[in-house]
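Subject: Structure handover

Hello,

Here is the structure you asked to look over. Please open it alongside this note.

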Amino acid sequence: MIQQGGPPIPIDYSMEKMDSAWKVYDVVIDGASLVTTYRGTFNDQIQKGGIDGLVKTLQERNRSPEPAKAAPKT
């Protein structure tokens, strides 16, 4: 990613072919892997509700609208 006034930020991703489509399973931004970053959180969720519980939680988060942003102060 090229950022105005700053150095480029490397973004890499890992993919796997599933059926007839490619799926991204990890994104690495400037050397930080999202899988590694969230591994602890995912492990906690798996301990509480199993892999099905983790998948359900992630699906619910993906369906939820983004939180409202505060209006700028004038």
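Below is what was found in it, from the overall fold down to single residues.

A word on the basis. This is a predicted model, so local features need pLDDT of at least 70 and side-chain atom pairs count only at pLDDT 80 or more, while totals for chains, interfaces and linings use all residues. Residues are numbered from 1 along each chain as its sequence is written, and side-chain values use heavy atoms, with hydrogens and water left out.

Overall fold

The protein has 1 helix and 3 strands. Their order along the sequence is β-β-β-α. Helices (H or I, at least four residues) and strands (E, at least two) are DSSP runs, numbered from the N terminus.

Of the 74 residues, 7% count as buried. Buried means under 20% relative accessible area, exposed means over 50%, and partly exposed lies in between (1.4 Å probe, protein chains only). The accessible surface is about 6,800 Å². Carbon and sulfur atoms hold 54% of that surface. These areas come from the Shrake-Rupley method with a 1.4 Å probe, and for residues only the protein chains shown count as cover.

Now the contacts, meaning heavy atoms within 4.5 Å. Take those between residues at least 6 apart in sequence: 0% of them join residues at least 24 apart.

The largest pocket

About 150 Å³ of space lies in the largest pocket. Its lining consists of E16, M18, K23, V24, Y25 and V35. Strand 1 (11-18) and strand 2 (21-29) are the elements that give two or more residues to this lining. Strand 2 gives the most, with 3 residues. By type, the lining has 4 nonpolar residues, no polar ones and 2 charged ones.

The terms work as follows. On a 1 Å grid over the protein atoms alone, a pocket is an open set of points where a 1.4 Å probe fits, with protein on both sides within 12 Å along at least five of seven lines; lining residues have an atom within 4 Å of a point. Grid points are joined across faces, edges and corners, and the volume is the space filled by probe spheres set on the points. Ala, Val, Leu, Ile, Met, Phe, Trp, Tyr, Cys and Pro count as nonpolar, Asp, Glu, Lys and Arg as charged, and the others, Gly among them, as polar.

V35

V35 is found in helix 1 (residues 34-63). It is partly exposed, at 29% relative accessibility. Leaving aside neighbours within four places in sequence, V35 is in contact with Y25 and D26. V35 and Y25 are 10 residues apart in sequence and 8.0 Å apart in space, C-alpha to C-alpha.

S33

S33 is found in strand 3 (residues 32-33). Is S33 buried or exposed? It is buried, with a relative accessible area of 13%. Beyond its neighbours within four places in sequence, S33 is in contact with D26, V27 and V28. The S33 side chain also reaches the backbone nitrogen of T36 at 3.1 Å.

Two loop residues

D19 lies in the loop between strand 1 and strand 2. D19 is not a glycine, yet its phi is positive, at about 55 degrees. D19 counts as exposed, at 82% relative accessibility.

D30 sits in the loop between strand 2 and strand 3. Its phi is also positive, near 50 degrees, in a residue other than glycine. D30 counts as exposed too, at 57% relative accessibility.

Best regards

Conventions: A polar contact is a pair of N or O atoms within 3.5 Å; within protein, one must be able to donate a hydrogen and the other to accept it, and residues adjacent in sequence count only if both atoms are side-chain atoms.
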